[in-house]
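Open the model in your viewer and keep the selection tool at hand. The tour below goes stop by stop.

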Amino acid sequence: MKGDPTIDRLLQRLHGGDPRALARAITLVEDQQPEAAQLLAGLDQKRIEDVLVLGLTGPPGAGKSTLTGALVTALRKREYRVGIIAIDPSSPISGGALLGDRIRMMEHALDREVVVRSMATRGRLGGLCASAGAAARIMAASGCRVVILETVGIGQSEMDIVRLADLTALVLAPGFGDDIQAMKAGILEVADLLVVNKADQPGAGKLQLEMATVFADPKEREERICATVACESAGVATLLDRIFTLEREFRSNGQLQARRKRSFQLETLDWAVEIVKADLREKLKTTIFTSTEPRRAAMELVSGIGKRI
Amino acid sequence: MKYRVLIGKPGLDGHDRGAKFIARALRDAGFEVIYTGIRRTPAEIAAAAVQEDVAAVGLSSMSGAHLRLFPAVVDALAQAGADDIPVLGGGIIPAEDVETMRKAGIRAIFTPGTPVDTIIAAFTEACKKQRGHGVK
């Protein structure tokens, strides 16, 4: 493939940590521009290998953004460059979105080593996994040691996002209902770490006890459950230590590589669906169907579609 | 094409009802709106606008500091290498200040009573023009 010199320049600036180039690169991918393919292929693979993509999920109001802000402060104390991808839902009606996660991270606004990007789910349009995964790699290529993916872990597309991460922490707080509520969400299964935030609030002790039943092994119970008061940074340094310990463990036992493989498949499928969807929409306009039954018509529509790409 | 815009409140003014109203109106018109919250410095707003790669910045002021703060955001954007991102502003702004603000590089000024559709149209126009420039 012949390289577009504009994209080569963009890559060069992005690898040097230029904030504008980095932001532009993410937009190219998010808007599914044709240049995105060349851009993504040119990213520094070593940096992508070394990055830790940390998923932070939990119900609205549990303190995810505040905890992200506190984790960023702790990471900056250790002199790591950090990226944050904060995902909020798009309105299914207007397609618009109000992205407000930055408000809790404004203390880092002037730090060039902290990159924040708000991203809307863009609902029906899909492709969120592809966009968020690519954005994480772009941030990694710009030199980020850790990229935090922050999202409400509810609904299919958000759950897929969680699966993109190398390691996932579920953030809970007292006052959101009992342990049955947490189990209902189905998210406990994918969480590597359970964070009981707002640990100074009434009910936090009970929540911690309930969460303890998730892990059968007492050692795991000790290591996988953390109590924090994010707005006061309490417990955050310990949480970060545990995150890095778990990262080392996952890198040495092959878990991380297995997860990267899974997220590769997830993203590839997402891109493929996006590509085919556009093609199908075009074909839909011109096809004369022999069947009036949608299931059958769909078979007619997809026949031969792979050959066109 | 989805347009991303940033709505911010520079300075010490905490009256954010107008800013939130505009943020919601733009969201309902299909924009992706990044809201920075109140009491931000011009440099913070510019840095956020660059990181979020927005096509326009909207500022709100109710305290009378617009003559100082709005042009300061324009300057901060230029310093961040983003002088192509247009700045639009609104709030309690006396009629005699409108021309001064335009000359200082504010693309459009909205005073109380401006229909929300006019504001949305101005943002759409500003975004379209900015995105037309291609990769910078």
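**Stop 1**

Select B:Val73. Leaving out residues up to four places away in sequence, B:Val73 touches B:Pro10, B:Pro42, B:Ile45, B:Ala46, B:Val57, B:Leu59 and B:Val87. Touching, or contact, is defined by C-beta atoms, placed from the backbone, that lie within 7 Å.

A word on the model before moving on. It is predicted: local features need pLDDT of at least 70 and side-chain atom pairs count only at pLDDT 80 or more, while totals for chains, interfaces and linings use all residues. Residues are numbered from 1 along each chain as its sequence is written, and chains are lettered from A and ligands numbered from 1 in the order in which they are written.

Together with B:Val73, they touch the most other members of the largest nonpolar core, which has 127 residues. Such a core is a set of buried Ala, Val, Leu, Ile, Met, Phe, Trp, Tyr and Cys residues joined through C-beta atoms within 7 Å. Buried means 20 or more other C-beta atoms within 10 Å of the residue's own; exposed means 12 or fewer, and partly exposed is in between. Helix α6 of chain A, residues 128–141, gives the most to this core: 11 residues. Helices (H or I, at least four residues) and strands (E, at least two) are DSSP runs, numbered from the N terminus. Domain 1 (1–42) and domain 2 (44–253) of chain A both contribute residues, so the core lies between them. Those bounds come from an automatic or database domain assignment.

**Stop 2: the sheet in chain A**

Show chain A as a cartoon. Seven strands form an open, parallel sheet in the order β4-β2-β5-β1-β6-β7-β8. Its edge strands are β4 (114–120) and β8 (225–227) of chain A, each pairing on one side only. Pairing requires at least two DSSP bridges between two strands. Next, select residues 52–57 and 146–151 of chain A. These are strands β1 and β5, paired in the parallel sense over six bridges. A:Leu56 stands opposite A:Glu150 in β5(A).

**Stop 3: the sheet across both chains**

Which strands make up the six-stranded sheet? The order is β3(A)-β2(B)-β1(B)-β3(B)-β4(B)-β5(B), in an open sheet with parallel pairing. At the edges stand β3 (97–99) of chain A and β5 of chain B; each has a single partner strand, so one side of each is left without a neighbour in the sheet.

Zoom in on residues 106–110 of chain B. This is strand β5, and five of its five residues are buried. Strand β4 (87–91) of chain B pairs with β5(B) in the parallel sense over four bridges. B:Gly90 has B:Phe110 as its bridge partner in β5(B).

**Stop 4: where the chains meet**

Show both chains. How many residues of chain B are in contact with chain A? There are 27, and they meet 27 residues of chain A. On the chain B side, α1 (17–28), β2 (32–35) and α2 (42–51) each give two or more residues. The largest share, six residues, comes from α2(B).

**Stop 5: A:Leu39**

Finish at A:Leu39, in helix α3 (residues 36–41) of chain A. Is A:Leu39 buried or exposed? A:Leu39 is buried, with 24 other C-beta atoms within 10 Å. Not counting residues up to four places away in sequence, A:Leu39 touches A:Ile7, A:Leu10, A:Leu11, A:Ala25 and A:Leu28. A:Leu11 is 28 residues from A:Leu39 in sequence and 6.8 Å away in space, C-alpha to C-alpha.

Notes. Two residues are in contact if their C-beta atoms, placed from the backbone, lie within 7 Å.
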